[in-house]
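Here are some notes to read alongside the model. Please keep the sequence and the 3D view open while going through the points.

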Amino acid sequence: PQGRSGAVSSRSARALAWTLVLLILPVGYFCADNLRRTLAAAPHWTSYRKQTVLTAKRTDHRSTKWLDESLTQLIGDLEQCVRGNPQDYSAASRLAALYLRRFEVSLQSAANRMTLRQVQDTVRNAEFASSQQMREWLFRAFGSAAGDLYRALGAARYALEGQPLRGETYIVLAEVGFLAGVNAEERSLFVEQAVRLRPHKPPVLYAAGSLAADAGDMDAAFEYGRQAFTQDTDGQAQMDRRIAP
């Protein structure tokens, strides 16, 4: 009995050992795979960071010239980051915002010169029969640049799947949600969520104020602007120049 008990104990120990090995191996593989993805994306993230630092040094808060001229490189670096590491939701969030900005820049030289707000209003008022019909109109009106709107929507959705508490991404979603049939009430909820998650981030507050003004809620627009103004010393001069006239 003692020998049989020892054998059983030995078999149990081996079974436990193999169970632990089977449990640990997938975790080890995941860690190694995660490290591989991180290393693959690292050079592109470094390039992106260097370019953003250089752009920030050149920017004097009176113009987005340097940012706009760097968009293609910044977007390319972030696309490589996400391609190398699909779990880099931070890069996906930044990518969504830059896609949207590149579309806005393209509008300035488009045959149909419109603002993003005018594009949104046109789509809402047109009452297209289907999303496909809306898509066809956008590409007819703005050519391949319209693809950036859909890329912004896809990147924002993807980023929020991985990081639902990243407030600034909700601002992008509020801007491009019209592509997916987002209504005014849902848009306001996106803005509220962005501010709730990033209550002290001036860019989010500025954007929230702009969206509130577009919706006709001037009280909210001024309140968001006031909060941003008191927290953003760099942006105060810019706000003075815009509001004083």
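How many helices and how many strands are there in the chain?

1. The chain has eleven helices and zero strands. Followed along the sequence, the pattern is α-α-α-α-α-α-α-α-α-α-α. Please bear in mind that this is a predicted model.

2. Next, the chain as a whole. It has 245 residues, and 37% of them count as buried. Among contacts between residues at least 6 apart in sequence, 59% join residues at least 24 apart.

3. Val176 belongs to helix H7, which covers residues 167-176. Its relative accessible area is 0%, so Val176 is buried. Leaving aside residues up to four places away in sequence, Val176 touches Leu100, Leu149, Ala152 and Leu153. Leu100 is 76 residues away from Val176 in sequence, yet the C-alpha atoms of the two are 8.0 Å apart in space.

4. Now the salt bridges. A search of the whole structure finds twelve. One of them joins the side chains of Asp148 and Arg151, with an N to O distance of 3.1 Å. Both residues are in helix H6 (residues 147-162), and because they are three residues apart there, about one helical turn separates them. Asp148 is buried, at 4% relative accessible area, whereas Arg151 is partly exposed, at 37%.

5. Which parts of the chain does the salt bridge between Lys201 and Glu168 tie together? The closest N and O atoms of Lys201 and Glu168 are 3.2 Å apart. Lys201 is in the loop between H8 and H9 and Glu168 is in helix H7, so the pair ties together parts that are 33 residues apart in sequence. Lys201 is partly exposed, with a relative accessible area of 34%. Glu168 has a relative accessibility of 18% and counts as buried, because the cut-off for buried is under 20%.

6. Glu175 and Arg187 also form a salt bridge, and their closest N and O atoms are 3.5 Å apart. Glu175 is in helix H7 and Arg187 in helix H8, so this pair ties together parts that are twelve residues apart in sequence.

7. The last point concerns the second largest pocket, which holds about 290 Å³ of space. The pocket is lined by 16 residues, and the closest to its centre are Ala184, Ser188, Leu211, Ala212 and Ala215. Helices H4 (116-126), H8 (184-197), H9 (202-214) and H10 (218-231) are the elements that each give two or more residues to the lining. Which element gives the largest share? The largest share, five residues, comes from H8. By type, the lining divides into eight nonpolar residues, one polar and seven charged.

Key:
Residues are numbered from 1 along each chain as its sequence is written. This is a predicted model: local features need pLDDT of at least 70, side-chain atom pairs count only at pLDDT 80 or more; totals for chains, interfaces and linings use all residues. Side-chain values use heavy atoms; hydrogens and water are left out. Helices (H or I, at least four residues) and strands (E, at least two) are DSSP runs, numbered from the N terminus. Buried means under 20% relative accessible area, exposed over 50%, partly exposed in between (1.4 Å probe, protein chains only). Contact means heavy atoms within 4.5 Å. On a 1 Å grid over the protein atoms alone, a cavity is a set of points where a 1.4 Å probe fits but cannot get out, and a pocket is an open set with protein on both sides within 12 Å along at least five of seven lines; lining residues have an atom within 4 Å of a point. Grid points are joined across faces, edges and corners, and a volume is the space filled by probe spheres set on the points. Ala, Val, Leu, Ile, Met, Phe, Trp, Tyr, Cys and Pro count as nonpolar, Asp, Glu, Lys and Arg as charged, and the others, Gly among them, as polar. A salt bridge is a side-chain nitrogen of Lys or Arg within 4 Å of a carboxyl oxygen of Asp or Glu.
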